[in-house]
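Please look over the sequence and the model shown here before reading on. The briefing that follows takes individual residues, a helix and a pocket in turn.

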Amino acid sequence: MASRPCRICHSRVRSPGYYARVDTGQGLVPEGTDNCWTSAPFIYLILSCLGSGLSSESAVRRYVSAYPEFHADIRALSTAVSTAGARVRDEGRLRSDLDDNLKVYTPDEIWLFDLAVDLIAMLGSVDGLSNQRLAEFKNNVRTLDDEVQSHTWKRGVKKAGTGPARFQELRHRVPQHRPNPMRY
């Protein structure tokens, strides 16, 4: 376990944290990216799923390492999601750490969140995930699906159209995840 500064009090702590199981340059979230734990909970969940969740699975690492451009696009998407969460938090546009108000995000940012949820659903279905990670993955995707079904989310994605040009190739590669209609 590496010693890292606490994000709240800046004291040195020795515990497995957000990046503990992510190899430098090999994870799905670049080391040092803001995990947005003080932003909207769904953004923190997205980054956690990609960061310490799926990045720690050898089956996922093998899958993405076979396609270096895909891996680079995933890391860029993680950074963009983090940037959106940090922007809204730093502008003071959230009422609390539990504020899931989507109206403070741009349509392009909501489009990025949507792509990230689709990516999580895709990578979570890679063969070879551990039973524990598979159970966590299913629970996390169900939680994220609650956000995806909101009117504001759908309107933001529609308003963004094809989304940012930087992520078009990734959008074409990642299938659209459809939440289970029986839950709603």
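Aspartate 73 is found in helix H3, where helices (H or I, at least four residues) and strands (E, at least two) are DSSP runs numbered from the N terminus. The model is predicted, so local features need pLDDT of at least 70 and side-chain atom pairs count only at pLDDT 80 or more, whereas totals for chains, interfaces and linings use all residues. Residues are numbered from 1 along each chain as its sequence is written, and side-chain values use heavy atoms, with hydrogens and water left out.

**Aspartate 73 and the overall make-up**

- Aspartate 73 is buried, with a relative accessible area of 12%; buried means under 20% relative accessible area, exposed means over 50%, and partly exposed lies in between, with a 1.4 Å probe and protein chains only.
- Not counting residues up to four places away in sequence, aspartate 73 touches Arg166, Phe167, Glu169 and Leu170, a contact being heavy atoms within 4.5 Å.
- The protein has seven helices and two strands, and from the N terminus on its elements run β-β-α-α-α-α-α-α-α.
- Of the 184 residues of the protein, 48% count as buried.
- Among the contacts in the protein with a separation of 6 or more, 73% are accounted for by residues 24 or more positions apart.

**Helix H1**

- Helix H1 covers residues 41–53 and spans only 16 Å between its end C-alpha atoms, while a straight helix of 13 residues would span 18 Å at 1.5 Å a residue; the expected span is 1.5 Å times one less than the number of residues.
- At leucine 47, H1 bends by about 25°, the bend at a residue being the angle between axes fitted to the seven residues ending there and the seven starting there.
- H1 is mostly covered, since 11 of its 13 residues are buried, and these buried residues include Phe42, Ile43, Leu45 and Ile46.
- The buried residues of H1 pack against helix H3 (68–90), helix H4 (107–123), helix H5 (131–148) and helix H6 (151–160).
- Serine 48 has its place in helix H1 and counts as buried at 14% relative accessibility.
- Serine 48 and tryptophan 37 are 11 residues apart along the chain, and their C-alpha atoms are separated by 9.2 Å.

**Two aspartates of helix H4**

- Aspartate 118 lies in helix H4 and, at 2% relative accessibility, counts as buried.
- The side chain of aspartate 118 reaches the backbone nitrogen of histidine 177 at 3.1 Å; a polar contact is a pair of N or O atoms within 3.5 Å, where within protein one must be able to donate a hydrogen and the other to accept it, and residues adjacent in sequence count only if both atoms are side-chain atoms.
- Leaving out residues up to four places away in sequence, aspartate 118 touches Arg171, Val174, Pro175, Gln176 and His177.
- Aspartate 108 is also found in helix H4, but at 36% relative accessibility aspartate 108 counts as partly exposed.
- Aspartate 108 and glycine 163 are 55 residues apart in sequence and 5.7 Å apart in space, C-alpha to C-alpha.
- Ala160, Gly163 and Pro164 are touched by aspartate 108, not counting residues up to four places away in sequence.

**The second largest pocket**

- The second largest pocket has a volume of about 160 Å³.
- On a 1 Å grid over the protein atoms alone, a pocket is an open set of points where a 1.4 Å probe fits, with protein on both sides within 12 Å along at least five of seven lines, and lining residues have an atom within 4 Å of a point.
- Grid points are joined across faces, edges and corners, and a volume is the space filled by probe spheres set on the points.
- Residues lining the second largest pocket include Asp114, Trp153, Lys154, His177 and Arg178, and H6 gives the most to this lining, with three residues.

- Arginine 178 is found in the segment after helix H7 (168–173) and is exposed, with a relative accessible area of 64%.
- Arginine 178 and glutamine 149 are 29 residues apart in sequence and 9.7 Å apart in space, C-alpha to C-alpha.
- Glycine 32 lies in the loop between strand E2 (12–14) and H1 and is exposed, with a relative accessible area of 61%.
- The C-alpha atoms of glycine 32 and threonine 79, 47 residues apart along the chain, are separated by 9.8 Å.
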